[in-house]
Amino acid sequence: ERRLYVRSALEAAVEIDLEVVDEHDQPGPVGVSAELIDLSEVALRGLVHPEHRDWFVPQVPVTVRLALCGDRFELTGHVLLAKPAADRGQEVVILFDRPVPRVEDLRRHIGPPP
């Protein structure tokens, strides 16, 4: 489904809060920095540090904060995919909940739909 939308490689600050608890009732990490690989109006793909890999599993709910050229977004969604990224950490794909808030503002940064 992500492939139906324009994906752009952009410079952006990305932080992710994981809304999950582990087997010891410890909450998931908040403010996890991610290196943005690409972004569409419905999803993002990024890299997170390997120390967080056990938290990023499919279907885990997340809140993503993005800062794009001074424009800030807070989007909820869930982890769609997580896999090791050859010595660079964990590659994650996060699918945003719909409707995506401020989608028109987001499109201004990534480009119009095809």
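**View 1. Salt bridge between Asp105 and Arg102 in the predicted model.** In this predicted model, Asp105 and Arg102 form a salt bridge whose closest N and O atoms are 3.0 Å apart. Asp105 is partly exposed, at 24% relative accessible area. Arg102 is also classed as partly exposed, with a value of 36%.

**View 2. Salt bridge between Arg108 and Asp105 within helix 1.** The side chain of Arg108 meets that of Asp105 in a salt bridge, with an N to O distance of 2.8 Å. Both residues belong to helix 1 (residues 103-110), where they are 3 residues apart and so separated by about one helical turn. Arg108 has a relative accessible area of 59% and is therefore exposed, whereas Asp105 is partly exposed.

**View 3. Salt-bridge network of Asp71, Arg102, Asp105 and Arg108.** These four residues are linked in a network of salt bridges. Across the whole structure, the search finds 10 salt bridges.

View 4. The closest N and O atoms of Arg45 and Asp38 are 2.8 Å apart, and the two residues form a salt bridge. Asp38 is buried, because its relative accessible area of 8% lies under the 20% limit. Arg45, at 22%, counts as partly exposed. The two residues are also bridge partners, with Arg45 lying in strand 3. Strand 2 (residues 32-39) and strand 3 (residues 43-48) pair in the antiparallel sense over 5 bridges. A hairpin with 3 connecting residues joins strand 2 to strand 3.

View 5. The strands follow the order 1-2-3-6-5-4 in a closed barrel, with antiparallel pairing. From one strand to the next, the twist averages 45°. Strand 1 and strand 2 run antiparallel and are joined by 3 bridges. Val14 stands opposite Ala34, a residue of strand 2. Strands of a sheet pair through backbone hydrogen bonds, in a parallel or antiparallel arrangement.

**View 6. Helix 1 across the strands.** Helix 1 lies across strand 2, strand 4 (61-68) and strand 5 (71-84). The angle between helix 1 and strand 5 is about 70°.

**View 7. Largest nonpolar core and the surroundings of Val64.** The largest nonpolar core has 25 residues. Ile16, Leu39, Leu44 and Val64 have the most contacts inside this core. Two or more residues each come from strand 1 (13-18), strand 2, strand 3, strand 4, strand 5, strand 6 (90-96) and helix 1. Leaving aside residues up to four places away in sequence, Val64 touches Val14, Glu15, Ile16, Leu44, Phe73, Glu74, Leu75, Ile94 and Phe96. In soluble globular proteins, nonpolar side chains tend to be buried together.

Key
Residues numbered from 1 in each chain as written. Predicted model: local features only at pLDDT ≥ 70, side-chain atom pairs only at ≥ 80, totals over all residues. Heavy atoms only, no water. Buried < 20%, exposed > 50% of the residue type's maximum accessible area, 1.4 Å probe, protein only. Helix = DSSP H or I, 4+ residues; strand = E, 2+ residues; numbered from the N terminus. Pairing = 2+ DSSP bridges. Axes fitted to C-alpha atoms, helices over the stretch in contact; angles between N-to-C directions. Contact = heavy atoms within 4.5 Å. Core = buried A, V, L, I, M, F, W, Y, C linked by side-chain atoms within 4.5 Å.
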